[in-house]
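Okay, thanks for coming, everyone. I'd like to walk you through a few parts of this one, so let's get it up on the screen.

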Amino acid sequence: MKRREFLKKAVVITGSATIGLDAVEVGETVHPIDSRKVSPIAFPEKRPLIMFSDRPPLLETPREVFTSALTPNDLFFVRWHMPVIPTHIEPSTYKIKINGEVEKEITLSLDSLKKDFKQVELTAVLQCGGNSRSAFKPTTNGIQWGAGAVGCARWKGVKLSDVLAKAGVKNGATYIGFNGKDSAVYSETSNFVREMKLEDLNDNVILAYEMNGEDLPYLNGYPLRLILPGNYSDSWIKMISNITVSNKKNDLFFMDKAYRIPDNDCECDTPDKKAEKTKPIEKMNVNSIIGYPVKESKVRNQSHIVVRGVAFDAGSGIKKVECSTDAGKTWSEALLDDGKEGSYAFRAFRYTFKPTKIGKLTVMSRATNNSGEVQPFAKDIKWNHGGYKYNGIDEVTLEVV
Amino acid sequence: MKKLLLAFLLTLPLFSQVEGEITVPYVEFPMKEGKGMYKTRGKCNMCHSFGYIINQGEQSKKFWADKIERMIVSFKVPMTDKDIELVLNYLYENYGNGKEE
């Protein structure tokens, strides 16, 4: 309490900081930052990416990668919360524990997961709930991502339901908690523990050890991570060490305080008034990203330009992607790929057009999913305190020469 | 023969694609010189790089005060009132946008 008062006081020390009664602060949404360059330094198993921090590692995928349904492992974005991350995992001795409300507590080696359970494969989009957060003004809590805190991979592993069945979930169990090997500096800091409702468990929820046919990269959660298709990545726990079944919801900072949005129709609030009632971000909304052209690409007048990009949602599937070259006045349908990676995957799109005028030209992409959800213009997205769930119509401005 | 091959495959030991330890590169995020720089580095860099801070852009005094409060309340960084004052003034003077709120 004392600290809070101090902080409040600290803000008004210089006195003149009065805001007029009529100045109501309104949140706005613009197009996210698109000018960052990749870092000259490559991280382990990665090519150079846009880098925000080395500790914990925070790496964003540059726009030009988003032209195909699968994102290469070495270009896949990285987001950790805790600074202490094991730099060595011995696969032959690595074990996960399943405990809590189970008939018998079990520990499973990687070897056992690979041999004793049915192997499954599923392609799914992994996206940070704060992807494109730099679009929100005033600045909201968290990393000021551009549009690249997202990727899509083919995950291979075992069904979480099979693993839980082996331990035997007790009657009355309601939640499944996941903890990874990363940890905080101070023992008082909450670990990055997440929980899901047992009723949300389905056959698409898997514990994956492979990503695009290779071991998971360390920075993407080697040797095992949770795959929760359709959901934002906050629950896709990396380097899983422990799965705990409970018969009640536990008090967890990263469930109760972080990764939440206002529980109202617009999922929005205002900078000076935080919504009291909130809900977890959970399901991803419909979105698209243009991979080519990129900002300031130079193209010849009257030449054939092929716009390429990806679109995705929470699993209802992409119905169409439209592109516009006249600031959104008219839209033309893009060609979609065959969709063979499934409805949780990126759907690659391409759109061909011929510029007819020299000068700057803005290309936009707008996705519609099978539930009828359409991407809004950036300016029509409502502001929220966490800067979550941005899904504005994407745009890049190129130069016709 | 096929069975033999299968048996051989199943007994392959597990290898990770990276041998030994990985090394996450240390990246220096230069801090502007100023009163409170060492205190700010000491408190903030315990848990995260300075990059984690500067990606927020230049911000108001209230913004930085809210961040410090969040670090204390939510993430339990131990800070005295004197520490708070030093760090807040350092952030605002060097990474401020000139606005109180």
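Predicted model: local features only at pLDDT ≥ 70, side-chain atom pairs only at ≥ 80, totals over all residues.

For chain A the average pLDDT is 93, and 94% of the residues score at least 70. Now look at residues 9-23 of chain A, where the pLDDT is below 50. That stretch has 15 contacts in the model beyond near neighbours in sequence.

Staying with chain A, let's go to a sheet. Here 5 strands make an open sheet, and the order is β19-β26-β25-β21-β22, with mixed pairing. Which strands stand at the edges? Those are β19 (298-299) and β22 (332-333) of chain A; each has a single partner strand, so one side of each has no neighbour in the sheet. Further in, β21 (residues 318-324) and β25 (residues 359-369) of chain A run antiparallel, joined by 6 bridges.

Over to chain B, and a pair of helices. The axes of α4 (residues 61-73) and α5 (residues 81-95) of chain B come within 9 Å and cross at roughly 140 degrees, which makes α4(B) oblique to α5(B). Their crossing is right-handed. So who meets whom? From α4(B) we have Lys61(B), Trp64(B), Ala65(B) and Ile68(B), and they meet Ile84(B), Val87(B), Leu88(B), Leu91(B) and Tyr92(B) of α5(B). By class, that contact has 8 nonpolar residues, 1 charged and no polar.

Notes:
Residues numbered from 1 in each chain as written. Chains lettered and ligands numbered in written order. pLDDT = per-residue confidence, 0-100. Contact = placed C-beta atoms within 7 Å. Pairing = 2+ DSSP bridges. Helix = DSSP H or I, 4+ residues; strand = E, 2+ residues; numbered from the N terminus. Axes fitted to C-alpha atoms, helices over the stretch in contact; angles between N-to-C directions. Parallel < 35°, antiparallel > 145°, perpendicular 65-115°, else oblique. Left-handed = near helix turned anticlockwise from the far one by under 90°. Nonpolar A, V, L, I, M, F, W, Y, C, P; charged D, E, K, R; others polar.
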